[in-house]
Amino acid sequence: MRKYTDQQMKAFGLKPERIPKHVAIVMDGNGRWATSRGLPRAAGHRAGMNTVKEIIRAASDLGVESLTLYAFSTENRKRPKDEIGILCSLLIEYFNREIEEMHRNGVRVKAIGDMTWFPTAVQETVRNAEIKTANNTGLKVNLALNYGARAELVRAMRLAFAEDPEADESAIAQKLYTTDSGDVDLLIRTGGDIRVSNFLLWQIAYAELYFTDVRWPDFTMDELVNAFRDFAGRDRRFGGLKSNKAK
Ligand code: IPE
Ligand code: IPE
Ligand code: MG
């Protein structure tokens with residue numbers, strides 16, 4: 001739910017009608033943030049956790065409807081057990097610490113991905129957060145955990161075709177994890193790499209892409225505002241000819 005008045009939005013250089021409805025973020029660069037400071041990678045993940053809090057708050061305050069955050073990919077399962085364990089502990093810590101405030105702010109949390117792979121403690125923490133916030137009507141936060149777009153698409157197509165062998169695009173879209181949030185308007189990737197890494201392949205078909213060298217722990221509300229200003233200046237044609245400036 002937008003907190004800033006039209007006047008305040010103007011001071012940011014933003015127009016409420018040009019705010020992307022669905023923003024997706026590849027939160028990358030935690031490890032490099034840490035090693036460049038002579039710290040263990042875990043310190044980068046911990047610092048990145050604080051960014052998650054700030055960006056959820058900022059997205060909500062700026063009037064974003066859905067925020068889909070890539071926290072752990074199916075490919076990240078290749079990482080050392082220690083690092084995966086640390087990420088799981090941080091996830092539990094994050095929810096224990098932040099769920100009340102997110103709930104007060106009307107945030108609805110949903111995990112997307114195959115949660116069955118995670119230890120029971122992680123599954124229960126995330127499940128409880130989903131149940132607690134299920135009826136909230138503010139910002140929808142989709143947290144991608146053990147998520148891969150190809151796996152999501154295989155799942156969605158299997159479900160859709162089981163119901164109807166003639167299932168069309170909209171029937172498949174309804175079976176995606178993010179069906180409530182619709183297509184992505186703006187995809188942001190921090191950390192300097194210019195790739196998608198198996199994130200939301202269907203939903204980004206017509207997304208505007210924004211890449212920044214800023215590493216996730218250094219990403220701030222100001223950086224998010226920069227991305228939104230850039231988005232507002234894009235000419236979204238969706239394959240047509242008529243100029244259709246970012247809605
Ligand atoms: C992103 O940061 C967080 C996860 C993938 C869990 P990285 O851990 O990938 O950080 P870099 O890319 O090594 O800097
Ligand atoms: C993408 O980051 C996944 C997440 C941010 C969770 P990676 O660090 O895993 O991506 P690659 O391996 O560099 O493509
Ligand atoms: Mg990375």
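Which residues line the second largest pocket? In this predicted model, for which local features need pLDDT of at least 70, side-chain atom pairs count only at pLDDT 80 or more, and totals for chains, interfaces and linings use all residues, the second largest pocket is lined by Glu169, Ser170, Ala173, Leu176, Thr178, Thr179, Gly182, Asp183, Trp202 and Gln203. Residues are numbered from 1 along each chain as its sequence is written, chains are lettered from A and ligands numbered from 1 in the order in which they are written, and side-chain values use heavy atoms, with hydrogens and water left out.

**The pockets**

On a 1 Å grid over the protein atoms alone, a pocket is an open set of points where a 1.4 Å probe fits, with protein on both sides within 12 Å along at least five of seven lines, and lining residues have an atom within 4 Å of a point. A volume is the space filled by probe spheres set on the points, which are joined across faces, edges and corners. In the table, Ala, Val, Leu, Ile, Met, Phe, Trp, Tyr, Cys and Pro count as nonpolar, Asp, Glu, Lys and Arg as charged, and the others, Gly among them, as polar.

| Pocket | Volume | Lining by class |
|---|---|---|
| Largest pocket | about 810 Å³ | 21 nonpolar, 9 polar and 8 charged residues |
| Second largest pocket | about 150 Å³ | 3 nonpolar, 5 polar and 2 charged residues |

The largest pocket has 38 lining residues, and Met27, Asn30, Tyr70, Ala71 and Phe72 are those that lie nearest its centre. Among the elements that give two or more residues to this lining are helix H3 (41–62), strand S2 (66–73) and helix H4 (81–104), where helices (H or I, at least four residues) and strands (E, at least two) are DSSP runs numbered from the N terminus. H4 gives the most, with 7 residues.

**One residue of the lining**

Phe72 lies in strand S2 and, at 4% relative accessibility, counts as buried, a word that means under 20% relative accessible area with a 1.4 Å probe and protein chains only. Leaving aside neighbours within four places in sequence, Phe72 is in contact (heavy atoms within 4.5 Å) with residues including Ile84, Trp117, Phe118 and Tyr147.

**The chain as a whole**

The chain holds 8 helices and 6 strands. Its radius of gyration, taken over C-alpha atoms, is 18 Å, close to the 18 Å that the globule rule (2.2 Å times the number of residues to the power 0.38) gives for 247 residues, so the chain is as compact as a globular protein of that length. Of the 247 residues, 48% count as buried.

How values were computed
Buried means under 20% relative accessible area, exposed over 50%, partly exposed in between (1.4 Å probe, protein chains only).
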